[in-house]
Amino acid sequence: MIKTDVIIVGAGPTGLALAGQLRRYGVEFVIFDQKDGTTPFSKAIGVQARTLEIYEQIGLADKLVAAGAIAEKASFVEGGAIRGTAELAKIGEGLSPYPFLLIVEQGLHEKILDEHLRAEGKEVLWQTTLESFSQTEAGVTAAIRTADGATETIEAKFLVGCDGAKSAVRHGLGLGFAGSTLDRLFYVADAAVDWNFAHDSLYVCLAQNTITAFFPMVGENRFRIVGTFPEGHQADEGEILYEEIEARIKKDVELDLNIHDVKWFSVYRVHSRRVDKFANGRCFVAGDAAHIHTPAGAQGMNTGIQDGYNLAWKLAAVLRGKASLSLLETYDEERSANAKRLLQTTDRAFDFGASDEWFVAFFRTKIFPHIAGFALHFDAVKKLIFPLVSQIGINYRKSSLSAENGFFKVRAGDRMPWFETDGASVYERLKAPKFHLLNFFDGTNRPAAAPENELLDVFEIPLYPALAEIFGASRSFSVLLRPDNYIGLITEDLTGADVAKYLARF
Ligand SMILES: Cc1cc2nc3c(=O)[nH]c(=O)nc-3n(C[C@H](O)[C@H](O)[C@H](O)COP(=O)(O)OP(=O)(O)OC[C@H]3O[C@@H](n4cnc5c(N)ncnc54)[C@H](O)[C@@H]3O)c2cc1C
């Protein structure tokens, strides 16, 4: 019998990243996976800025950036020629310390997460499968089959199913997973491509009823190629040979290219589904176990990592006796709303990319490639697109954990905006796994000193004009950040009463 606080089922990116967060909070857990190690496949390759901001807190961001490639540009190709190009390397400049899209193979990404865990003294139990589980009001019991074929029991306070799209945990909890399955078949191939284009750009090739993207990967001329077969293509996932994919690519992109050294390819059907609830009692689901959707925008893996980031601090607070069980209800509240938005956005993006309605196809092939690169030169467009794709724009404004007093541009529930103060990133001060009270001082009215509290770090920051502009504030104010650096409270009350009232919940 193993006893622990949290059982994590599945060690894909969601489970491994959740484990890293729980470790940060000093929470005891057991993580296991039926596979014999991290995935050897490249699968998800886009790592978004918000994920890197999260990793920065545990010292992993620089490792990932060093292991990957930054997409320098996006080029829009139609009819065999580049019709427009946009600079991407600094598209989010001023908004995040990671103002780009990073390309890292999922296999390597998982390895870095796994190594981090081992360096922290925690091992994934590989070749270990969840056989069954049950829960009472006091805890959870799971039966597992270990690598040597033995059955063992784990007792814990909570269980998190990070066990992928076919999640046994989701099924066991009886959670709904409504949505649809797309008619089209998707393909991916990791290969070297010889052509007249440089290796520093992401190429989006737009055709009458298909879209084919080439993402530059580490290695000479190596690209991840992603595309779809047209609607009505009569074949099942397992029936398609690589030769058919290559022929499809060449037909759709109308370019003179030679594809060789194919390391990996896969054909898959895409679903757009989400759970009706992210939790049932003491059990939770996260990542693909909770939501799956089209690959538009490289959102899937990043969303799973952020599910875990949202859940980890809440589990830690409850396990330490600093918050009541009801705090855990906000995991479903916040992440369900996010998953709903995510499916709507990825469905819409996919419809635009692949619809064969004549007017959509006309816009996609004849107008979009010419204007997209140009439009992305404008700051206003960058500020609209980057927060959406990089996930820094995700907010919990409607959450029951968000409170505000006063009128500000930045709202309760928003991610803490990024800026530099005294020549250093403000995020440098926000790494401790605690609440953070930031008192912005206009030089006249000083916010009251906060009472001593082991859960809280307090900083005073001069309210210089650039910060007044970001927050839309002309006088002193206070921001109380939750441990995941989303704004719990923003207030112009300087007496400390609002802060004390907010913290009284914890
Ligand atoms: C071909 C392909 C291409 C993709 N491309 C992209 C992309 O470009 N961008 C993107 O964002 N996403 C992409 N994805 C999706 C991305 O890979 C997933 O979103 C991501 O892997 C989800 O991570 P996860 O940890 O939630 O689930 P998974 O990666 O599926 O991990 C779940 C883990 O749980 C384990 N497990 C399952 N059941 C049990 C059990 N009963 N007991 C023990 N262990 C169990 C599994 O072995 C697995 O390791 C792609 C996926 C595929 C298949």
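Axes here are lines fitted to C-alpha atoms, for helices over the stretch in contact, and angles run from 0 to 180 degrees between N-to-C directions. Helices (H or I, at least four residues) and strands (E, at least two) are DSSP runs, numbered from the N terminus. The model is predicted: local features need pLDDT of at least 70, side-chain atom pairs count only at pLDDT 80 or more, and totals for chains, interfaces and linings use all residues. Residue numbers start from 1 along each chain as its sequence is written.

**Exercise 1. Describe the packing of α1 against α4 (residues 106–119).**

Step 1. The axes of α1 and α4 come within 9 Å and cross at roughly 25 degrees.

Step 2. Angles under 35 degrees count as roughly parallel, over 145 as roughly antiparallel, 65 to 115 as roughly perpendicular and the rest as oblique. The pair α1 and α4 is therefore roughly parallel.

Step 3. The crossing of α1 and α4 is left-handed, a term used if the near helix is turned anticlockwise from the far one by less than a right angle, with right-handed if clockwise.

Step 4. Residues are in contact if their C-beta atoms, placed from the backbone, lie within 7 Å. On the α1 side the contact with α4 includes Pro13, Leu16 and Arg23; on the α4 side, His109, Glu110 and Leu113 are among the residues.

Step 5. Sorted by class, this contact of α1 with α4 has six nonpolar, four polar and three charged residues. Ala, Val, Leu, Ile, Met, Phe, Trp, Tyr, Cys and Pro count as nonpolar, Asp, Glu, Lys and Arg as charged, and the others, Gly among them, as polar.

**Exercise 2. Describe the packing of α7 against α1 and against α2.**

Step 1. For α1 and α7, the axes come within 8 Å, with a crossing of roughly 30 degrees. α1 is therefore roughly parallel to α7.

Step 2. α1 and α7 cross in a right-handed sense.

Step 3. Residues of α1 in this contact include Thr14, Ala17 and Leu18, and those of α7 include Met301, Gly304 and Leu311. The contact of α1 with α7 divides into ten nonpolar, four polar and one charged residue.

Step 4. For α2 and α7, the axes come within 9 Å and cross at roughly 40 degrees. This pair is therefore oblique, and α2 passes α7 in a left-handed crossing.

Step 5. Arg50, Thr51 and Ile54 of α2 meet Asn302, Ile305, Gln306 and Tyr309 of α7. By class, the contact of α2 with α7 holds three nonpolar, three polar and one charged residue.

**Exercise 3. Describe how domain 1 meets domain 2.**

Step 1. The domain assignment, from an automatic or database source, gives domain 1 (2–67 + 101–178 + 274–348) and domain 2 (403–503).

Step 2. The C-alpha centres of the two domains lie 30 Å apart. Nine residues of domain 1 and seven residues of domain 2 form the contact.

Step 3. On the side of domain 1 that touches domain 2, α2 (49–56) and α7 give two or more residues. The largest share of this side, three residues, comes from α7.

Key
Two residues are in contact if their C-beta atoms, placed from the backbone, lie within 7 Å.
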